[in-house]
Amino acid sequence: MKPPQQQRGNVEGVLLSRKLFSSLLIALIVSLGVVCLYYGTSFAPGLRRRGHHPADGSDPVFRGFIAAASDEDDDPPSFSGDAADLVVKSFPVCDMRFSELIPCLDRNLIYQLKLKLNLSLMEHYERHCPPPSRRYNCLIPPPIGYKTAIGWPASRDEVWKVNVPHTHLAGEKSDQRWMVVNGDKINFPGGGTHFHFGAGRYIAHIAQMLKFPNDNLSDGGNIRTALDVGCGVASFGAYLLSHNIIAMSLAPNDVHENQIQFALERGIPSMLGVLGTKRLPYPSRSFELAHCSRCRIDWLQRDGILLLELDRVLRPGGYFVYSSPEAYATDEKNRRIWRAMSDLVQRMCWRIASKKNQTVIWAKPLTNGCYSRRDPGTIPPLCSSDNDPDAAWHVPMKPCITPYSKKVNRAKGSELVPWPQRLTTPPPRLEELGISSENFIEDNEIWHWRVMQYWKQMNSQIAKDSFRNVMDMRANLGGFAASLANKDVWVMNVVPVNESSKLKVIYDRGLLGTLHDWCESFSTYPRTYDLLHAWLLFSEIEKQGCNLEDLLIEMDRMLRPSGFIIIRDKVPVINYVRMFLTSLKWDLWSSEVEPKVDALSSGEERVLIVRKKLWKEGD
């Protein structure tokens, strides 16, 4: 048996070892915590975190915005209560590497969430939004040296290089005259993959092929809305504007880096999107013309499902202009593709309206007659009667032909008057919404008055070219956009998903738009709109239970520096938004008025117009 003194020494040694082990374990845990914190902020800077903030009201880790009102209340500010005692002190600024972040089209997010997507079907270019825990709670900084965008119409042909600092396409497409770097600017000569000598000459050639008068592709106003898929930098859409045709230029965020960002910087209607597995976010019978110029789309895949999607959004008698080697090349591979495509469109009842040189133009039938004459079992089949051709938000494409309703079939067309009369003429599809012609005309008059008052309110701050890219975030029937028809602007009419039936009326008026859920981020680059208009949008978002701060941050992401936001909403909403003006850097200028009550008013409303500062990352 060991002496007591030796036993006591052994016990003390064991205790010392245990203390040392505990100390090392704590140090290891702390080190791991620091590492996780560091990499966590690297992957998700500015992720939302509430509560337990330091006494000085700052969050040293995430720099999240802090409301300096109640240290005990961790709930976000709400406009359902008294907001007067709340002041939002700051929002964090995202790291500069997120300067071009598109949250729902972020390939880094796809990798981090380990989504299993079919790349051959372009699913990785479709929308995949971050879950609430991974949403950004920070302001997107402009690139270093950012300049106020060049005004329209000069912007059609040149932009500041520093605003979209990507010159890869200039080298890759130099022989096709897409774009040319010229000192501190990027110039756009109007060329394209298939029209090296300029989009203007190419468009006139298409008009000649269709024997339209004066080489004008609008055909006296009968062609107004167009869809350009795989649009590049949107020069085709840019030059259609002189024909009084407005095109939705569509392309994914793919290897042709930032092509849609260039298009929007130029002031050309466009948005990010892809023909993948889901329907395009437009109702049926939206476009008189669709266009593909070497757009690198495999139209034969999956029984022609992508071509059938074009068929869905084309109007009766609408044209598909296709310029591609398959239409003219004589090698066996291209001949084989051409034969297969010709067979497909014939089974779809499309006819060749014209074919010349390197371009073929097909026309969609005006009635259901051809469909009924097809042999039984012909592929593609007609869609079933329970298929809603206007359902277009996160709806899978269907490999079937959408037949016309009895009414459209009898009319042998869309019954739309030519542009510009169609802008203010009640369209036939109004009756599907249960809206009378009288209500439509009254809506027009109300919005004409409202827009006049908006411009008076902003008069001291705006110049002729202050606005080019405009978004109406809750467009209703398109009255706001229609009231801007005499200005050099274009409007993206966004119809919330729960009001989706209204978008068909907007297209029937000769305007452009898209469906969207404002609980999610929009499919556009940062800094792409000069003016955002939000009518009762915040009130609707609150009803849906979505985060209002997310909407404010998203609006800031889309808005150009020095841009304007018009918010018309209920008084508590306006008070709520005012809390954030300084933290969002929307305090360059602001004006609030009580508007005249009209038939569209929803109780007591206010109009708040604010202007965003041009700020740098270090501000």
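Student: Which residues in H14 meet Leu 548, Leu 551, Leu 552 and Met 555 in H15?
Tutor: Leu 537, Phe 538, Ile 541 and Glu 542 are the residues of H14 that meet them, where contact means heavy atoms within 4.5 Å. Helices (H or I, at least four residues) and strands (E, at least two) are DSSP runs, numbered from the N terminus. This is a predicted model, in which local features need pLDDT of at least 70 and side-chain atom pairs count only at pLDDT 80 or more, while totals for chains, interfaces and linings use all residues. Residues are numbered from 1 along each chain as its sequence is written, and side-chain values use heavy atoms, with hydrogens and water left out.

Student: How do H14 and H15 pack, and at what angle?
Tutor: Helix H14 (residues 537–544) packs with H15 at an angle of about 140°, and their axes are 10 Å apart; axes are lines fitted to C-alpha atoms, for helices over the stretch in contact, and angles run from 0 to 180 degrees between N-to-C directions. The two helices are therefore oblique to each other, given that angles under 35 degrees count as roughly parallel, over 145 as roughly antiparallel, 65 to 115 as roughly perpendicular and the rest as oblique.

Student: Changing topic, how many salt bridges are there?
Tutor: The count comes to 31 salt bridges, each being a side-chain nitrogen of Lys or Arg within 4 Å of a carboxyl oxygen of Asp or Glu.

Student: Which residue does Asp 550 pair with?
Tutor: Asp 550 forms a salt bridge with Arg 135, at 3.1 Å from N to O. Asp 550 lies in helix H15 (residues 548–558) and Arg 135 in the loop between helix H2 (107–113) and strand E1 (158–160), so the pair ties together parts that are 415 residues apart in sequence.

Student: Is Asp 550 buried or exposed?
Tutor: Asp 550 is buried, with a relative accessible area of 14%, whereas Arg 135 counts as partly exposed at 23%; buried means under 20% relative accessible area, exposed over 50% and partly exposed in between, with a 1.4 Å probe and protein chains only.

Student: And what does Glu 288 form a salt bridge with?
Tutor: Glu 288 pairs with Arg 315, their closest N and O atoms being 2.7 Å apart. Glu 288 sits in strand E7 (residues 287–293) and Arg 315 in strand E8 (residues 314–323), 27 residues apart. Both Glu 288 and Arg 315 are buried.

Student: Which residues are in one network with them?
Tutor: Salt bridges that share partners join Glu 288 and Arg 315 with Arg 422, Arg 429 and Asp 508.
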